[in-house]
Amino acid sequence: RTVKLAATTGSLVWSGAYAGPAGGDDQAFSVAVDSAGNVHVTGYSSNGTNNDIRTFAYAAADGAVLFSVNEGPARGADDQPGSGDLLLAKRSSAVDAGGNVYVTGGSYNGINWDYRTIKYSPGGAVLWDVAHVGAGNANDLAFAIALDGAGNAYVTGLSYNGSNNDFRTIKYAAADGSVLWSVSYNGPANAND
């Protein structure tokens with residue numbers, strides 16, 4: 001459920017709910033607002049077999065759904081951990097000055113988790129969709145995203161290095177999602193970060 005409250009009084013302006021067609025768990029994890037006040041919500045939705053990324057845009061004035069997109073069926077695997085893995089169940093989103101929506105999180109590749117970052121147009125069309133597979137070829141999970149003034153995306157989370165988890169931050173180009181740089185941080189204890 002997404003609720004808009006009046007800034008001055010906290011009174012209800014509008015409320016919108018989403019119940020997926022599979023009747024399973026649907027959970028939202030991130031909200032971003034564009035320059036027009038439209039609200040973008042990202043989380044996951046059950047398709048009956050596994051969970052997929054679900055992103056909505058709600059109109060600022062009345063909560064009308066501007067778009068609702070589901071990413072995952074073509075990959076045929078979870079794009080979101082199940083309810084028993086809520087620590088890992090993170091999604092983050094951001095909106096650039098042009099109204100493009102950026103979403104990041106984890107995508108299951110059939111063996112383990114990879115970073116998955118998607119850029120949508122203001123109408124909900126996929127502009128680019130990129131994955132990061134860490135050097136250890138194990139679980140890599142993105143937890144947060146931020147944009148610079150040019151719309152380049154900075155994604156951060158954890159990435160397995162072959163023996164433990166390190167921080168991994170990646171800068172993606174606004175135009176096509178190409179990697180501009182990717183750096184890791186391994187703490188002084190050489191253990192999980």
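Which residue stands opposite L5 in β2? The legends below begin with that pair. The model is predicted: local features need pLDDT of at least 70, side-chain atom pairs count only at pLDDT 80 or more, and totals for chains, interfaces and linings use all residues. Residues are numbered from 1 along each chain as its sequence is written, and side-chain values use heavy atoms, with hydrogens and water left out.

View 1. L12 in β2 stands opposite L5. Strand β1 covers residues 2-5 and strand β2 residues 12-16. They pair in the antiparallel sense over four bridges. (Two strands pair if DSSP finds at least two bridges between them.) Six residues lie between the strands of this hairpin. There, G10 takes a positive phi near 80°.

**View 2. The whole chain.** The chain has 14 strands and zero helices. (Both are DSSP runs numbered from the N terminus: helices are H or I, at least four residues; strands are E, at least two.) Of its 193 residues, 47% count as buried. (Buried means under 20% relative accessible area, exposed over 50%, partly exposed in between, with a 1.4 Å probe and protein chains only.)

**View 3. The sheet from β3 to β6.** This open sheet has four strands in the order β3-β4-β5-β6. Their pairing is antiparallel. β3 and β6 (65-71) stand at the edges with a single partner strand each, so one side of each is left without a neighbour in the sheet. Neighbouring strands are turned by 20° against each other on average, direction ignored. (Axes are lines fitted to C-alpha atoms, for helices over the stretch in contact; angles run from 0 to 180 degrees between N-to-C directions.)

**View 4. R54 between β5 and β6.** R54 lies in strand β5. β5 and β6 pair in the antiparallel sense over six bridges. The bridge partner of R54 in β6 is N70. Is R54 buried or exposed? R54 counts as buried because its relative accessibility is 12%. Its side chain makes a polar contact with the side chain of S68, at 2.8 Å. (A polar contact is a pair of N or O atoms within 3.5 Å; within protein, one must be able to donate a hydrogen and the other to accept it, and residues adjacent in sequence count only if both atoms are side-chain atoms.)

**View 5. The largest pocket.** About 150 Å³ of space lies in this pocket. (On a 1 Å grid over the protein atoms alone, a pocket is an open set of points with protein on both sides within 12 Å along at least five of seven lines; lining residues have an atom within 4 Å of a point. A volume is the space filled by probe spheres set on the points.) The lining has 15 residues, and R1, Y18, Q27, A28 and F56 lie nearest the centre. β3 (26-33), β4 (39-46) and β5 (51-58) each give two or more residues. β4 gives the largest share, four residues. The lining divides into seven nonpolar, five polar and three charged residues.

**View 6. The sheet from β11 to β14.** Another open sheet of four strands has the order β11-β12-β13-β14, with antiparallel pairing. Its edge strands are β11 (140-147) and β14 (179-185), and each pairs on one side only. The twist averages 20° from one strand to the next. β11 pairs with strand β12 (residues 153-160) in the antiparallel sense over seven bridges. In β12, S159 is the bridge partner of D140.

Definitions and conventions: On a 1 Å grid over the protein atoms alone, a cavity is a set of points where a 1.4 Å probe fits but cannot get out, and a pocket is an open set with protein on both sides within 12 Å along at least five of seven lines; lining residues have an atom within 4 Å of a point. Ala, Val, Leu, Ile, Met, Phe, Trp, Tyr, Cys and Pro count as nonpolar, Asp, Glu, Lys and Arg as charged, and the others, Gly among them, as polar.
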